[in-house]
Amino acid sequence: MPQDPPPAPAPGTEPRGAGRLAATVERLRQEALEAQSAAEGRALVEMAKGILVGRLGCGPTEASRQLTTLAEQSGTTVLALAVDVINQSARDRVSEIAQHFLETAVGPPGPDNTAPAVRLRTTESSVLAATDSQAVATALLENALRPLGAHGVAIWIAAADSSLTLVGQAGFTQEDAARWRYVPPEVATCARLALTNRDLTVVTSLSEAGIPTIGRRPHPDGGRVMVPAGTGGRIHGVLEIAWPQALPPQPPQVLRQLEALAELCAHTLEEHSPHPATTAADAPHPGAVAELTDLTDHLRDPALVLTPALGNDGRLADFRIHHTNSRFVDPAGRPRSIVTGARFLEAYPAAAEDGGLFDKLERVYATGEACQVLSTALTAFVGDVPLTTVADVSITRHGAALLLIWKIEDETARLAGLLQHAQRLGRVGGFEQNVTTGKTTWNGQLFTLFGLPLTASPVALEDLATHAHPHDVDSIGRFLRTLLHRRRESSVDFRLLRPDGITRHIRMVAEPVLDDRGHLHAIRGACQDVSSQHWTEVALAATRDQLADSEAESADRNRLALQLQQAIMPPAPAPLEVPGLRIAVRYRPAETEAFVGGDWYDSVVLPDNKILLSVGDVAGHGVRAATGMVVLRNALRGLAVTGAGPAQLLTWLNSVAFHLTSHLTATAVCGIFDPETRTLRWARAGHLPPVLVRGTRAGAFPLTGGMLLGAIPEPTFVEEEVQLQADDVLLMYTDGLVERRDIAVTDSLSQLLTVASRTADSLEKRLDNMLIHTASDTDDDTCLIGIEVH
């Protein structure tokens with residue numbers, strides 16, 4: 001691109017001596033850059049003229065005039081229009097990137113207001129004209145990357161051992177370039193991130209990432225973008241671009257430009273590759289795989305030679321099975337002649353799954369890093385039936401081809417190894433005793449079980465009793481008689497007394513081996529150390545006995561609680577007729593005896609002819625809750641004869657719960673009804689308020705203050721008074737009537753009011769309907785008392 005000339009020095013400030021020389025050098029450098037840029041621009045304009053000559057069928061002069069006229073009409077420069085003509089004609093990667101950018105970009109194309117298409121075409125022209133990678137780096141920086149804010153470019157080439165070599169750089173010092181000339185394998189750098197990811201990688205800030213790379217010292221907080229540079233699926237190296245400050249998120253259009261520049265670099269890096277590249281027809285050079293093919297024919301394991309198969313876009317699409325050696329056996333039983341020449345994914349489509357064999361082939365081909373994988377499946381299909389061979393895989397890249405070695409372990413050796421592992425893990429040892437010669441043979445594991453060195457003599461079956469506990473001698477005798485005389489398979493469990501003083505529990509299983517005439521030839525069998533199983537069974541038996549005792553004790557406690565509860569609170573007592581009231585009660589105990597709780601209800605005619613009405617619920621289940629219920633219920637009865645009001649009664653009852661019981665807590669509602677005036681005074685202690693049904697409407701009493709019983713020593717209870725009318729129905733209940741696991745208590749209470757408002761033939765029928773239609777699902781005790789005013 002043309003560059004503005006440097007500003008002329010102000011009068012009287014002309015440099016002298018060395019300064020004048022430096023200014024002259026800088027002026028000449030700028031002129032050289034301008035000349036180079038102008039030459040690149042002229043080359044693009046001349047190329048566009050040639051395209052117009054071919055399209056319009058005119059001469060060069062007319063093509064030049066048309067180009068100038070079209071530029072004036074479109075309000076752009078001749079160079080920009082020339083690049084547009086080239087892009088429309090070429091339809092290559094550069095034109096694709098430029099067109100996408102122009103379609104999606106918003107605002108000016110770049111900091112220098114130069115269209116990306118012009119920058120990319122100018123850069124392409126410069127790169128193709130460059131004589132080495134150093135010139136390529138300079139062209140990339142000056143023509144395409146500096147307008148994007150970048151200050152440095154490094155071009156790395158990747159070797160087969162995954163080392164990196166710096167082959168070109170611009171914007172960094174020579175000292176840095178010398179220091180970073182070579183990066184050994186496995187050293188983590190920014191460029192290696194791109195090789196590992198095999199994709200464009202962004203490091204927002206070097207200081208945050210903590211990754212070393214070239215040029216980090218002067219710009220420790222700078223950002224980096226690394227793009228793998230490759231062709232045809234092979235990564236030749238990495239293009240690393242440096243920014244002097246932390247890198248903000250880049251738009252996709254800019255990242256696609258950087259990928260296009262990396263593709264330009266790849267063609268330069270390809271010249272450094274020591275191996276021939278693939279041709280456009282996706283076939284490697286004929287001599288490139290000849291030695292590899294010859295090598296596979298001398299391998300003792302199955303092997304395949306794979307060559308890349310490129311798509312229409314020049315990218316790796318598959319691998320072609322170029323050769324299979326004589327050791328290779330197809331899982332589906334297909335002849336080698338059918339498999340050879342086929343595409344790999346067509347022959348073995350199951351390899352295409354994520355993380356499968358094809359991903360590993362693709363990575364080795366891209367990076368050159370060898371890969372070894374244990375127990376990999378190679379699956380072929382016969383119709384819809386998958387046939388699989390499992391083996392250890394080794395993949396290496398040789399030039400433009402891959403060598404895939406498929407090492408199938410010998411089945412007999414593999415099974416023998418598995419048997420040895422099983423014997424070791426199961427503490428199993430084998431033996432055989434020849435009856436004719438008396439010779440006994442043990443395997444190594446049996447010596448370990450008996451606590452004997454491998455140099456010791458095996459113990460004959462006749463001497464087995466001398467190594468066993470005296471109480472097990474008879475069992476061993478029956479075992480031997482069954483084997484030797486009855487000639488039948490037999491087993492025995494005995495305690496082995498080892499020389500080291502350790503006692504082990506052994507299970508021995510053996511069978512007779514008969515010759516062709518039916519005579520006993522040998523005894524063959526195995527021993528297993530079952531000590532851990534024996535002690536586990538002993539521990540389980542003790543635990544079982546303890547659990548049975550605990551279950552019996554728990555059942556007794558639950559039965560006692562249930563009997564105590566039923567003695568005091570029958571589920572459906574007869575209605576109670578008292579002056580001015582009719583009282584009916586329903587009690588629904590928990591379905592599970594273990595959940596027997598402490599719900600209670602009570603109605604008592606007091607000495608002054610007033611009536612005590614109460615319900616309550618002691619926290620917890622079992623005997624403790626049932627006995628606590630008895631204590632509080634009887635205490636309230638005794639306190640009520642004093643004539644005190646409900647609030648005072650709950651205050652006294654709280655003292656009983658707090659001081660005279662073992663940390664007992666409970667909720668309760670207490671009411672005093674006066675039949676003469678039909679007034680009800682009531683108070684609550686953490687309990688749900690009563691419900692009043694008048695006609696076809698049901699409503700809950702207000703939620704007055706009052707903490708549950710037994711929580712604090714001196715709570716305050718609020719007393720309320722309600723004027724009742726004839727035919728009113730008052731409902732008092734415990735929370736088991738409305739509690740649900742999936743909805744709030746307030747919602748359950750609303751459903752209760754709906755059910756309570758339904759008309760009923762009698763008070764008892766109303767209570768029965770409420771028990772049937774309530775929303776409770778917690779299997780808790782439920783107490784419901786209904787009071788009908790006359």
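Modeller: Let's start with Ile-241, which sits in strand 6. Keep in mind that this is a predicted model.

Biologist: Is Ile-241 buried or exposed?

Modeller: Ile-241 counts as buried, because its relative accessibility is 0%, and the cut-off for buried is under 20%.

Biologist: Which residues does Ile-241 touch, leaving out those up to four places away in sequence?

Modeller: Ile-241 touches Leu-145, Ala-150, Gly-152, Gly-223, Arg-224, Val-225 and Leu-258.

Biologist: How far is Ile-241 from Gly-152, C-alpha to C-alpha?

Modeller: Their C-alpha atoms are separated by 6.0 Å. Along the chain, the two residues are 89 residues apart.

Biologist: Now the cores. How many residues does the largest nonpolar core have?

Modeller: The largest nonpolar core has 28 residues. Those with the most contacts inside it are Leu-140, Leu-145, Ile-155, Leu-239, Leu-258 and Leu-261.

Biologist: Which elements supply at least two residues each?

Modeller: Helix 6 (133-145), strand 1 (152-158), strand 5 (224-231), strand 6 (234-242) and helix 10 (252-270) each do. Helix 10 gives the largest share, 8 residues.

Biologist: What is Ile-155 in contact with, beyond its neighbours within four places in sequence?

Modeller: Ile-155 is in contact with, among them, Val-136, Leu-140, Val-167, Leu-239 and Leu-269.

Biologist: What about a second core?

Modeller: A second, separate core has 27 residues. Its members include Leu-306, Leu-357, Val-393 and Leu-402.

Biologist: Which residues of helix 14 are buried?

Modeller: In helix 14 (residues 357-367), the buried residues are Leu-357, Phe-358, Leu-361, Val-364, Tyr-365, Ala-366 and Thr-367.

Biologist: And what comes just after helix 14?

Modeller: Gly-368, with a positive phi of about 80°.

Biologist: Changing topic. Where is Thr-734 found?

Modeller: Thr-734 lies in the loop between strand 26 (729-733) and helix 21. Thr-734 counts as buried, because its relative accessibility is 0%.

Biologist: What does Thr-734 touch, not counting residues up to four places away in sequence?

Modeller: Asp-599, Gly-616, Asp-617, His-687, Asp-781, Thr-782 and Cys-783.

Biologist: You listed Cys-783. Is Cys-783 buried or exposed?

Modeller: Cys-783 counts as buried, because its relative accessibility is 0%. Cys-527 counts as buried as well, because its value is 2%.

Biologist: How many disulfides are there?

Modeller: The count comes to 0 disulfides.

Biologist: On to helix packing. At what angle do helix 21 and helix 22 cross?

Modeller: Helix 21 (residues 745-756) and helix 22 (residues 763-773) cross at roughly 145°. Their axes come within 10 Å. The crossing is right-handed.

Biologist: Which residues make the contact?

Modeller: Helix 21 uses Leu-752, Val-755 and Ala-756. Helix 22 uses Arg-766, Asn-769, Met-770 and His-773. By type, the residues of this contact are 4 nonpolar, 2 polar and 1 charged.

Biologist: Last, the whole chain. How many helices and strands?

Modeller: The protein chain has 22 helices and 27 strands. Buried residues make up 43% of its 790 residues.

Biologist: What share of the contacts with a separation of 6 or more joins residues 24 or more positions apart?

Modeller: Such residues account for 59% of those contacts.

Definitions and conventions: Residues are numbered from 1 along each chain as its sequence is written. This is a predicted model: local features need pLDDT of at least 70, side-chain atom pairs count only at pLDDT 80 or more; totals for chains, interfaces and linings use all residues. Side-chain values use heavy atoms; hydrogens and water are left out. Axes are lines fitted to C-alpha atoms, for helices over the stretch in contact, and angles run from 0 to 180 degrees between N-to-C directions. Helices (H or I, at least four residues) and strands (E, at least two) are DSSP runs, numbered from the N terminus. A crossing is left-handed if the near helix is turned anticlockwise from the far one by less than a right angle, and right-handed if clockwise. Contact means heavy atoms within 4.5 Å. Ala, Val, Leu, Ile, Met, Phe, Trp, Tyr, Cys and Pro count as nonpolar, Asp, Glu, Lys and Arg as charged, and the others, Gly among them, as polar. A disulfide is a pair of cysteine sulfur atoms within 2.5 Å. Buried means under 20% relative accessible area, exposed over 50%, partly exposed in between (1.4 Å probe, protein chains only). A nonpolar core is a set of buried Ala, Val, Leu, Ile, Met, Phe, Trp, Tyr and Cys residues joined through side-chain atoms within 4.5 Å.
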